Amino acid sequence: MQNITIENLDILSISILVNLYEQHSATYVAKKMNIPAPKVSRCLQNARLIFNNPLFIRKKHGLVPNEFTQQLYPIAKELLQCSNHLQQLSTSVTALGSQRVNIYASDMLAQHLHQQLNQAIEQSEIHVSYKLHTQSINTFADIESGALDVAIVTESNHELLQFYANALEITPLQKLNHMYLVSDALHPILKRDLDLDTIADYPYVSAQDLATPTSVDPFIFYCQQHHIQCRLANTDNFNSNLSFHDLQPLLAQTDHLALLPYSKVYEHSNLLPGLHVCCLSEMETNRLYLSQPHPTIYLVKAKSNRSSTLDDINKAINRIVSHGLH
């Protein structure tokens with residue numbers, strides 16, 4: 001018998017050999033395996049060459065295994081079973097990889113989250129795919145219903161989140177300590193002192209995507225507290241949750257202003273042609289948050305969702321936010 005090597009011992013030939021041993025008919029095996037009869041013959045001939053043995057004796061009632069094949073059969077059967085187990089393992093891994101985690105994040109964050117999350121998943125070898133959503137009418141309801149698996153939200157008033165604490169796990173990730181003014185590159189405010197009172201002189205665009213429906217933009221809240229008239233810009237032609245790129249048509253060549261707590265808006269201001277982004281002074285930021293808490297980024301998931309894969313995704317998001325996604 002010739003030496004048997006992996007290169008010339010293929011699974012199809014083993015499968016045909018096992019089926020011929022059990023069925024005694026090449027025609028029946030061809031129908032059962034849904035392959036042409038000539039291919040069954042070629043694979044049988046291949047096996048005969050590999051083992052240097054006729055393997056079967058043709059008789060009136062079909063193919064009868066010889067003594068060598070009777071010894072070979074249990075080994076071939078075991079190889080075939082191992083092959084099936086490997087196929088099942090491959091299928092399960094593929095199925096796991098095809099499971100999709102639905103993640104919500106404000107467009108202000110999602111703009112920069114996608115690439116970093118891809119890298120984190122690849123480095124952590126998490127076998128999962130995900131879809132990033134930037135629109136949700138009620139994020140918490142979508143988490144509870146299972147439409148979303150995890151959400152990255154921003155909120156100033158932590159007490160408002162306690163309403164959802166029975167069903168949802170709400171984890172603080174990062175307090176947002178800075179505020180960034182976004183305006184047209186030639187806006188007249190850039191020639192003035194940048195303080196909260198001066199900002200209130202111009203139409204204000206509220207672009208913060210706060211978590212709860214009753215949340216109030218921190219600057220609007222400040223104006224209400226100090227009885228300052230805050231003129232809101234008209235955003236009727238835009239979605240309720242303004243996206244990163246909505247800022248450009250809203251603010252360019254107008255006297256409108258926006259205040260955002262996300263450093264990525266500052267770092268990627270080059271993606272907003274014609275606009276200027278600058279950091280509000282520490283003194284003015286402290287004034288803004290003197291009687292209200294700083295906004296914080298939270299990670300939200302359903303308490304009932306015990307998926308270890310989701311836990312891995314959440315850990316990756318936590319690392320990304322902690323290292324400066326905000």
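Colleague: Which residue forms a salt bridge with E267?

Modeller: Bear in mind that this is a predicted model, where local features need pLDDT of at least 70, side-chain atom pairs count only at pLDDT 80 or more, and totals for chains, interfaces and linings use all residues. Residues are numbered from 1 along each chain as its sequence is written, and side-chain values use heavy atoms, with hydrogens and water left out. A salt bridge here is a side-chain nitrogen of Lys or Arg within 4 Å of a carboxyl oxygen of Asp or Glu. For E267 the closest N and O atoms are 3.1 Å apart, and the partner is K264.

Colleague: How far apart are E267 and K264 along their helix, in turns?

Modeller: Helices are DSSP runs of H or I with at least four residues, and strands are runs of E with at least two, numbered from the N terminus. An α-helix has 3.6 residues a turn, so residues three or four places apart point the same way. E267 and K264 are three residues apart in helix α11 (residues 263-267), and that puts them about one helical turn apart.

Colleague: Is K264 buried or exposed?

Modeller: Buried means under 20% relative accessible area, exposed over 50%, and partly exposed in between (1.4 Å probe, protein chains only). E267 is partly exposed at 44%. K264 has a relative accessibility of 11%, so it counts as buried.

Colleague: Which parts does the salt bridge of K77 and E22 tie together?

Modeller: Those two side chains meet at 2.9 Å, N to O. K77 is partly exposed at 27%, and E22 is partly exposed at 31%. The pair ties together parts 55 residues apart in sequence, because K77 lies in helix α4 (residues 67-98) and E22 in helix α1 (residues 11-23).

Colleague: Let's move to the strands. How many residues of β11 are buried?

Modeller: In a regular strand the side chains alternate between the two faces of the sheet. In β11, T296, Y298, V300 and A302 point one way, I297, L299 and K301 point the other way, and all are buried. For this strand (residues 296-302), the count is seven of seven.

Colleague: Which residue of β11 is the bridge partner of Q174?

Modeller: Two strands pair if DSSP finds at least two bridges between them. Strand β5 (residues 150-155) pairs with β11 in the antiparallel sense over six bridges, and there V153 stands opposite Y298. Strand β6 (residues 168-175) also pairs with β11 in the antiparallel sense, over seven bridges. In β11, the partner of Q174 is I297.

Colleague: What about rings: are the planes of F51 and F68 stacked, edge-to-face or tilted?

Modeller: Rings of Phe, Tyr and Trp (its six-membered ring) pair if their centres lie within 6.5 Å; planes under 30 degrees apart count as stacked, over 60 as edge-to-face and the rest as tilted. The structure holds six aromatic pairs. F51 and F68 have ring centres 5.9 Å apart and planes at 55 degrees, so the pair is tilted.

Colleague: Which helix holds F219, the ring partner of Y204?

Modeller: The rings of Y204 and F219 have centres 4.7 Å apart and planes at 45 degrees, so this pair is tilted. Both residues are buried. Y204 is in strand β8 and F219, 15 residues away, is in helix α9.

Colleague: And which residue has a side-chain oxygen reaching the backbone nitrogen of F219?

Modeller: Helix α9 (residues 218-225) has P218, F219, I220, Y222 and C223 buried, and their cover includes α8 (196-199), β8 (204-205), β9 (257-260) and α12 (282-288). At the start of α9, the oxygen comes to within 2.8 Å of that nitrogen, and it belongs to D217.

Colleague: Last one: what share of the protein's residues is buried?

Modeller: The protein has 13 helices and 11 strands. Out of 326 residues, the buried share is 45%.

Notes. Contact means heavy atoms within 4.5 Å. A polar contact is a pair of N or O atoms within 3.5 Å; within protein, one must be able to donate a hydrogen and the other to accept it, and residues adjacent in sequence count only if both atoms are side-chain atoms.
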